[in-house]
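Please consult the sequence and the structure before reading each solution.

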Amino acid sequence: VVCDEARGMSNRFGSLLVVLLLILSSCGDSRYYFSKPGFSQQQYDQDRYECLRAAQQPMLLTPTPGMPAGGMVTNNEMYIACFRAKGYTVTSEDQQQRQQQRQAEYQQLMAEKRVLDEQKRVLDQQSSSLIGQKRVFDEQKRVLDEQRAALSGGGGLQQYEQAVGAYNREVADYTKQGADFNRRLADYSKQVADFNKRLADYAR
């Protein structure tokens, strides 16, 4: 916390006095997060000490009546710039919250993508199955047409009609499967369109 750290440092510098009641106008109650790959607590404490000392500036404002003149203030921008110069990534609490929110949104989108990918895999399998069934029906129809042409008189007509009836029932069931597949495919397409829209919104 930039403000709290600066107050703590006022005890280390006799000249800073309590005037470090920071004119960090940009600070307020903001908290900052400092991160750096592989850094230790000891290194961070040392860097914090150096950056806070480097960010001290004489107070130029006229003191209020009853308060002593002089003193030092911490320049928040210099303080943060010092940390960044030492290789730290500095983010404010608001930035941290936004990053966490975006990360949660990204994880949610990726979870939805996995669901959509699984739906696509199932639909692809069903599509292949329906295509295979259609080939079978086309072959069955060809055979039935040949049987029909080969019929002479009444011989074999009853058997042929039974085969046609069974074929028609299978085709009707296949047609229902195809209609159900098309409905699920349309629903999947809508989900994909909605997902792509939200993914585009996230990327902005």
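A search of the whole structure finds 12 aromatic pairs, a pair being rings of Phe, Tyr and Trp (its six-membered ring) with centres within 6.5 Å. This is a predicted model, in which local features need pLDDT of at least 70 and side-chain atom pairs count only at pLDDT 80 or more, while totals for chains, interfaces and linings use all residues. Residues are numbered from 1 along each chain as its sequence is written, and side-chain values use heavy atoms, without hydrogens and water.

**Exercise 1.** Classify the pair of F34 and F83 and locate both residues.

*Solution.* Step 1: the centres are 4.2 Å apart and the planes 40° apart, and the pair is tilted (stacked is under 30 degrees, edge-to-face over 60, tilted the rest). Step 2: F34 belongs to strand 1 (residues 32-35) and F83 to helix 3, so the pair ties together parts 49 residues apart in sequence (DSSP runs: helices H or I, at least four residues; strands E, at least two; numbered from the N terminus). Step 3: F34 is buried at 12% relative accessibility, and F83 is buried at 0% (buried is under 20% relative accessible area, exposed over 50%, partly exposed in between; 1.4 Å probe, protein chains only).

**Exercise 2.** Determine which residues of helix 3 are buried and which exposed residues its opposite face carries.

*Solution.* Step 1: in helix 3 (residues 76-85), N76, Y79, I80, C82 and F83 are buried. Step 2: these residues lie on the same side of helix 3 because they cover an arc of only 150° around the axis, taken from the directions from the helix axis to the C-beta atoms. Step 3: the face turned away from the buried side carries the exposed residues E77 and A85.
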